[in-house]
Amino acid sequence: MPRSARLLLPWLVAAFAPAAMAGSANVDPRIEQLLTELGKVRQIDAVQLSPDGNRLAWVVRTGGRDSIEVAQADGSGAHRIGTDKPGSCSQGDIAWAPDSRHLAFLSDCASGGKQKELFLADTQANAVPKRLAALTGVADDLSWSPDGKALGFLYVPNGTRRASALYAAKPAAGEIGVDGLEVQRVATVDADGGNLRLLTSADTYAYEFAWSPDGQRIAYVGAPPPGDNNWWVAKLYVQDAKVDAKAAMLLDPSTSKGSLHGLQIALPRWSPDGQRIAFIGGLMSDQGSTGGDIYAVPSCGGEAVNLTPGIQVTPAWFAWTGAQQWLVAQVSNGQSQVAEYAVTRDQAKQAVTLFTLPASIGDGSAEMALSLSADQRKVAFVQSSYTDAPEVHAGEFGMTPPPAVTHINAALKPGWGKAESVEWDNEGRHVQGWLLYPANYDAKKTYPMIVTVHGGPSAAVIPRWPSVGFGGAPFSSLGYFVFMPNPRGSFGQGEAYVQANRKDFGHGDLRDILAGIDTIEKKLPVDDQRLGLTGWSYGGFMSMFIPTQTQRFRAVVAGAGIANWQSYYGQNLIDQWMIPFFGASVYDNPAVYAKSSAINFIKQVKTPTLIVVGDRDAECPAPQSFEYWHALRAQGVPTALVVYPNEGHHFVDPDHQRDVLQRALTWFEKYLPASK
């Protein structure tokens, strides 16, 4: 879900900030125990396999901070990089050099946690890592040049915040969109260290980049600043990998013909001969939530060709593994799937499905990305599911998924019920979702069910181990069925399915969800009089909108929602995202926004609703939550609003992560108790 300006008045923030810091007095001890158990998981943020396939490096959360560990490819001999005490500082953003010996990374250890700097570690020696560059801004996405002589990365000179709309927005002050503008650019530093060089222009915000096979050029996705607003209209550029090189605009989706017109692009990848650049194009809600068809365009310019039209899966990541072959990680019917594609000039077809997993996978560099050895015979990624907590998986690449090679979270066991994929058909479409049974399920009893709608909408529910924070799985631990549907608009059934809710937010997707509920109730003891509803971001919007369309739900928790698309359009600073989904601005077609605005049907709402949001949410502005809360109070509907100080769309304060889940669990316990 896209971002917006923060327009809260200071006194309103102050009024609600103390509530967000409330303690846990009178909290059900089962909830306290559940939160404690969820807090034991150690997140593994990234893993990288050395080019020779013999070594692994991963980033794991220790004492609230990220640290880097290096091991053999089978996970043995794991040890930390550096001598700093675990939890005292943060390390991350790992990248192996082509020599498979040196590891580049970012760390704030030397600066006492004040600023991340670029380091290079010799993993075969005991020497202290070498500082390559002192960074005065925010860096991300380290990538070695093919010859190993330089490191490229994304860099915000003098940046004050992480370059992502998910994180807390800068306080609104000065001339909006002009004062304090921060621009992310592609930068390089020599492998021997030295001065940082900015390759791309300050007139273009670079979102991601890739080296050409010979290292002489870079391709990147970019748009005029501000970056948070313009990713949805970004273009593909190519330039020499030199300072002050002139960039050539290779592709503009707004003027492209055919299926790419007006859509978003991501993940540019050069063909082995450097003659083509392939990329993913589709209707995408946010940068980083990547999915669509795979296109290719000549690296010297020309029309883009959709190589995968009509496929019934959603590619999220791919890599060229030969002149006529891709390796693709894709969403397939709510699961992670890895496949090989045969590629010609005009088309790409899935040749072999290597494996399909009811689990989330990724190496941390991009959505569903895999880390491959140079000969592509070995692979590594982090995997988690509803049955297994996150671990590094690595091994030979083939038809069998690689095994876990770490035991970081091996002691953790699920406290929730079993997971089951549910499938049904509605209005000519095949729909899928995930269902968690109540913990200690007894088929002779009837149970309430909480429906959790995912964010996006261009995204999908894929099984993953929960952590402390907002999510559906914890409700299962307290005796609820938990239904997590992937209705139209979701990834996993092809691009036509993703685009099926354009100009129709909250209507067709609601009918898909209701049909899924009916499917479940026909075979399992779900009490239709005890249905709950929750979600975050797009799911927050749905949690506000659905009670205006049906009285079927008895309790709601709406996280970071949108109550009024018409006022939202005027409040936010990222209006670029809305045109692809609504077809026109609110000023040109107000009716399409009005029909999906909960506030226009607010008199129909009877459901007790808890509303939660960050006061500096850069995607779903807090005023939307205020507007919905005010409307419910005016109708006499039981409601509460909690605003979390200094939080964006993605909460980062551990206390807030715990508090927001605790409040959601308590709200459902009050208005939708699991036991009558």
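1. Both Cys89 and Cys109 are buried, where buried means under 20% relative accessible area, exposed over 50% and partly exposed in between (1.4 Å probe, protein chains only). The model is predicted: local features need pLDDT of at least 70, side-chain atom pairs count only at pLDDT 80 or more, and totals for chains, interfaces and linings use all residues. Residues are numbered from 1 along each chain as its sequence is written, and side-chain values use heavy atoms, with hydrogens and water left out.

2. Cys89 and Cys109 are joined by a disulfide, S to S 2.0 Å (a disulfide being a pair of cysteine sulfur atoms within 2.5 Å). The structure holds one disulfide. Its S-S torsion, between Cys89 and Cys109, is about 80°, so the disulfide is right-handed. Cys89 lies in the loop between β4 (79-80) and β5 (91-96), and Cys109 in the loop between β6 (102-107) and β7 (117-122), so the pair ties together parts that are 20 residues apart in sequence. Helices (H or I, at least four residues) and strands (E, at least two) are DSSP runs, numbered from the N terminus.

3. Two other cysteines may be noted. Cys300 counts as exposed because its relative accessibility is 72%, whereas Cys620, at 0%, counts as buried.

4. In strand β13 (residues 205-211), seven of the seven residues are buried, so the strand is largely enclosed by the rest of the structure.

5. Strand β14 (residues 217-223) runs antiparallel to β13, with six bridges joining them; two strands pair if DSSP finds at least two bridges between them. Phe209 has Tyr220 of β14 as its bridge partner. Five residues separate β13 and β14 in this hairpin, and Gly215 in the turn has a positive phi of about 75°.
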